[in-house]
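Subject: Handover of a structure and the findings on it

Dear colleague,

Please find below the structure that I am handing over to you. I would be grateful if you kept it open while reading the notes that follow.

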Amino acid sequence: MREPVDLRRQRILAVVQSRGATRVSDLATELAVSVVTLRRDVEELAREGKLRRGHGVARPVLPEQRQAAAPPEPMPDGGPVAVVVPERHAYLYEMLHGARTTFEEAGIRIGLHIAPPVSGAEQPIVERALADGARGLLIAPRWRSRATEEADYAWLARLDVPAVVMERRPRRGSALHAMDTVCTDHWYGIHLALDHLTGLGHRRIVLAARDDSPTARALRSAFAEVAAAHPDIDAWAVALSSPGAAADPATEHAEQPVELPSLLAELGATAAILHGDVDALMLVQSLRDNGVRVPEDCSAVAYDDVVAGLGTTPLTAVSPPKAEIGRAAAELLLRRLERGDTSGPARRLELLPALNVRGSTQQASPAPSTPASTHIPQ
């Protein structure tokens with residue numbers, strides 16, 4: 001026989017009041033009802049001022065709140081949260097999974113929007129989503145070049161709903177400097193890779209990276225900074241990882257790709273950092289085709305760690321905390337939605353990546369002494 005709704009809600013109140021904050025999913029299991037049913041009960045009890053809703057939890061009403069003239073207001077019901085990510089971007093899709101879990105626990109739907117690879121694609125998508133009733137926004141703009149990035153600053157700054165930018169770091173002093181952002185500390189990721197390689201005795205190192213995203217540009221800048229100052233690095237160089245990896249390969253001043261085997265030979269390099277995973281796997285194959293063995297002749301570290309471990313030789317890789325970035329961004333947005341706040345202090349969160357050591361790096365072979373701190377510009 002099905003338990004009466006009023007009795008079930010009395011039991012919910014009793015559990016929450018005795019234990020304090022309790023996960024909605026745990027309550028559903030304990031009371032043998034679906035999470036959807038339990039969530040509806042919690043929403044109704046919150047509307048009546050008998051408990052408080054949180055991020056997937058039910059909380060008791062504090063004594064001072066019971067005495068207040070009006071009960072605390074729960075998160076207002078409304079439309080979904082719009083999530084906008086670029087087309088064909090596995091790295092950012094992993095962040096999406098982390099965000100989705102957090103929103104589901106809070107009982108909020110997401111509306112996923114995929115932006116095509118053209119400049120300015122995100123703005124009309126966001127405007128449509130808001131017109132259709134989206135109550136908040138998580139966005140990871142493509143921003144292939146600095147110009148396209150800065151072109152988006154003005155309209156993003158004018159949004160009248162809570163919004164969080166994922167895995168992007170707007171320029172300091174720009175209109176988006178005071179917008180909530182969550183991203184990976186890519187400087188630390190490069191530091192991890194170089195520390196690992198120099199610890200194995202590698203002194204001449206190449207970065208083969210893309211140049212068509214904020215992440216790529218952050219990696220290039222960090223590599224130049226860390227390598228130039230590192231006491232154990234004798235020579236370093238930066239090259240484009242593939243012909244299609246430039247912001248706009250058709251422009252007159254676009255960086256031209258360099259054959260990695262030739263650059264390694266010119267520099268006398270014994271190690272390379274390769275961004276991102278697909279380019280890394282293709283570059284490792286190119287090295288093998290040119291008689292350069294990985295890791296015997298050249299140690300390789302990939303950056304992204306989406307599919308780096310699936311190569312014939314699994315690649316050592318820097319792994320940004322992709323799902324955690326999504327979860328942290330969702331939690332920031334939920335906090336805004338709960339408070340109905342679009343004007344409070346902004347938060348800029350950075351999460352540290354990790355290094356997963358696999359079979360593509362090993363101790364460097366002894367080499368003759370070389371002049372210090374050589375940089376070969378590309």
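A residue is called buried when its relative accessible area is under 20%, and exposed when that area is over 50%. Please also note that this is a predicted model.

I begin with strand β12, residues 299–303, where five of the five residues are buried, so the strand is largely enclosed by the rest of the structure. In a regular strand the side chains alternate between the two faces of the sheet. In β12, Ser299, Val301 and Tyr303 point one way, while Ala300 and Ala302 point the other way, and all are buried. The neighbouring partner to examine is strand β11, residues 271–275, which runs parallel to β12 and is joined to it by five bridges. Within this pairing, Ala272 stands opposite Ala300 of β12.

A second sheet deserves attention. Strands of a sheet pair through backbone hydrogen bonds, either parallel or antiparallel. This open sheet has three strands in the order β1-β3-β2, and the pairing is antiparallel. Its edge strands are β1 (22–23) and β2 (51–53), each of which pairs on one side only. Helix α1, residues 5–19, packs on the sheet and touches β1, β2 and β3, and its direction makes about 70° with that of β3. Between β2 and β3 (residues 57–60) there are three bridges, whereas β1 and β3 pair over two bridges. Ala58 in β3 is the bridge partner of Arg53, and Thr22 also stands opposite Ala58.

Next comes helix α6, residues 122–131. Which of its residues are buried? They are Glu122, Ile125, Val126 and Ala129. These residues lie on the same side of α6, because they cover an arc of only 95° around the axis. The general principle is that an α-helix has 3.6 residues a turn, so residues three or four places apart point the same way. On the other side of α6, Arg128 and Ala131 are exposed. Just after α6, Gly133 takes a positive phi of about 105°.

Arg217 lies in helix α9, residues 214–229. Is this residue buried or exposed? Arg217 is buried, because its relative accessible area is 8%, which is under the 20% cut-off. Leaving aside residues up to four places away in sequence, Arg217 touches Trp143, Arg144, Ser145, Arg146, Glu149, Asp211 and Asp212.

The largest pocket has a volume of about 640 Å³. It is lined by 22 residues, of which Arg88, His89, Ala90, Arg210 and Asp304 are the closest to its centre. Helices α5 (90–105) and α11 (277–289) each supply at least two residues of this lining.

Yours sincerely,
A colleague

Note on methods
Residues numbered from 1 in each chain as written. Predicted model: local features only at pLDDT ≥ 70, side-chain atom pairs only at ≥ 80, totals over all residues. Heavy atoms only, no water. Buried < 20%, exposed > 50% of the residue type's maximum accessible area, 1.4 Å probe, protein only. Helix = DSSP H or I, 4+ residues; strand = E, 2+ residues; numbered from the N terminus. Arc of directions from axis to C-beta. Pairing = 2+ DSSP bridges. Contact = heavy atoms within 4.5 Å. Axes fitted to C-alpha atoms, helices over the stretch in contact; angles between N-to-C directions. 1 Å grid on protein atoms, 1.4 Å probe; cavity = no way out; pocket = protein on both sides within 12 Å on 5 of 7 lines; lining within 4 Å. Points joined across faces, edges and corners; volume = space filled by probe spheres on them.
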